[in-house]
Amino acid sequence: MDMDYMDRALELSRRGEGRVNPNPLVGAVIVKNGRIIGEGWHEYYGGPHAEVNAVRNAAEDVRGSTIYVTLEPCSHYGKTPPCAELLRAKGFGRVVVAMTDPNPLVAGKGIEILREAGIKVDVGLLEAKARKLNEIFIKYILTKQPFVIMKSAMTLDGKTATSGGESKWITGKESREYVHRIRNRVSGIMVGIGTLLSDDPSLTARTEDGCDPVRIIVDSRLRIPMDAKVLNSPGKTIIATTEDYDRRRYEELEELDSVEVLIAGKSGMGVDLKHLMSHLGAKGIDSVLLEGGSELNWSMVNEGLVDKVMTFIAPKILGGCESKTPVGGPGFPGLDDALVLQDIEVTRFGVDTLIEGYVRRG
Ligand code: AOF
Ligand code: ZN
């Protein structure tokens, strides 16, 4: 039964997807005499924590009951008072936690408060699932750098476009719908100027009541046309450029309230992507969905900035020596240099297959 309640808490936590960044997704379920008497989740950034919502929603007195929380209750005075204190004051008999909080402000102190108060605390139930759900939060809270997901869609023979450059659509409807759900979950979507010039994407989430991520364009000379969709649809856009930027375009872009131009990179060197990532992290952007093209993907991979890879494969063959593949650039010289993925998951979307995994470090 413990597992079912924690599973329910994890399910509830997902209702905050796209609304709580850069804070964690958290769900809580209160159980008394074998029945759920209260449920809650962290609904939006800066709002009450999951535990507070669950206590508020409880249909009866919570004294002596058990609470299942997907993240260790907090111990700090932040935007809200500590949840561990609340649980103690309310007289909970047992607290079941999926994972400890990596936030250095908490990191075990919440559990300590509860145990010192004589409350039974169990830690680690469905921990792997909880950690995966908060993979963005776990990286960001410890490094202040965004969690980067490199996403691509290719044919069975590894092409992302035809020899003529046509790329809409390689994958089917189901795959594309799923991509929009991921876009809804992340804080930023990034593409290179090549992709922008060839596809003119709008880079919005387009899911029901989805929150649109910030758009990030890597454009070393500011070749972006003023009529580009990203400049003419709602939502913020950050354009990263270098000292080689076009002065006139810069002035035109400065006129737009929704656009920020970041000069990050010396003349002739391309955009300094590490600088860009730190800049995004400092702005509270905890996650970036990297959507290409192949040159930008290569640079991000080569600089060790990619955390997760998601590749959709469509059962089609396009051929063409010159046709683009997901990752271009000069490539790694030896097999030992390859980027290796671990914790692989395979999912079917219609006739397409998604392979995803995490970049192995060291
Ligand atoms: C949340 N929601 O349900 C829980 C959190 O900025 P604050 O004051 O809201 O505190 C954020 C920290 O609180 C967060 O980094 C995490 O360590 C802890 N727990 N946060 O936003 C919640 N339980
Ligand atoms: Zn809290």
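These are my notebook entries on one chain and its ligand, in a predicted model.

**Overall dimensions.** I began with the secondary structure and found 11 helices and 14 strands in the chain. I then looked up the extent: along the principal axes, the C-alpha atoms fill a box of roughly 65 × 45 × 40 Å.

**Burial and contacts.** I noted that 43% of the 362 residues count as buried. Among contacts with a separation of 6 or more, 68% are between residues 24 or more positions apart.

**Sheet.** I traced an open sheet of five strands with mixed pairing, in the order β2-β1-β3-β4-β5. Its edge strands, β2 (35-41) and β5 (120-123), each pair on one side only. From one strand to the next, the twist averages 15°. I looked at one pair within it: β1 (residues 27-32) and β3 (residues 66-69) run antiparallel and are joined by four bridges. Opposite Val29 I found Tyr68, in β3.

**Helices on the sheet.** I checked helix α1 (residues 2-13), which packs on the sheet and touches β1, β2, β3 and β4 (94-97). The direction of α1 makes about 145° with that of β1. Helix α2 (residues 50-57) also packs on the sheet, where I recorded that α2 touches β1, β2 and β3. The direction of α2 makes about 135° with that of β2.

**Ligand 1.** I listed 16 residues around ligand 1, of which Asn23, Val26, His49, Gly78 and Asn103 come nearest. Sorting the shell by class, I got eight nonpolar, six polar and two charged residues.

Conventions:
Residues are numbered from 1 along each chain as its sequence is written. Chains are lettered from A and ligands numbered from 1 in the order in which they are written. This is a predicted model: local features need pLDDT of at least 70, side-chain atom pairs count only at pLDDT 80 or more; totals for chains, interfaces and linings use all residues. Helices (H or I, at least four residues) and strands (E, at least two) are DSSP runs, numbered from the N terminus. A residue is buried if 20 or more other C-beta atoms lie within 10 Å of its own, exposed if 12 or fewer, and partly exposed in between; C-beta atoms are placed from the backbone. Two residues are in contact if their C-beta atoms, placed from the backbone, lie within 7 Å. A residue is near a molecule or strand if its C-beta atom, placed from the backbone, lies within 6 Å of it. Ala, Val, Leu, Ile, Met, Phe, Trp, Tyr, Cys and Pro count as nonpolar, Asp, Glu, Lys and Arg as charged, and the others, Gly among them, as polar. Two strands pair if DSSP finds at least two bridges between them. Axes are lines fitted to C-alpha atoms, for helices over the stretch in contact, and angles run from 0 to 180 degrees between N-to-C directions.
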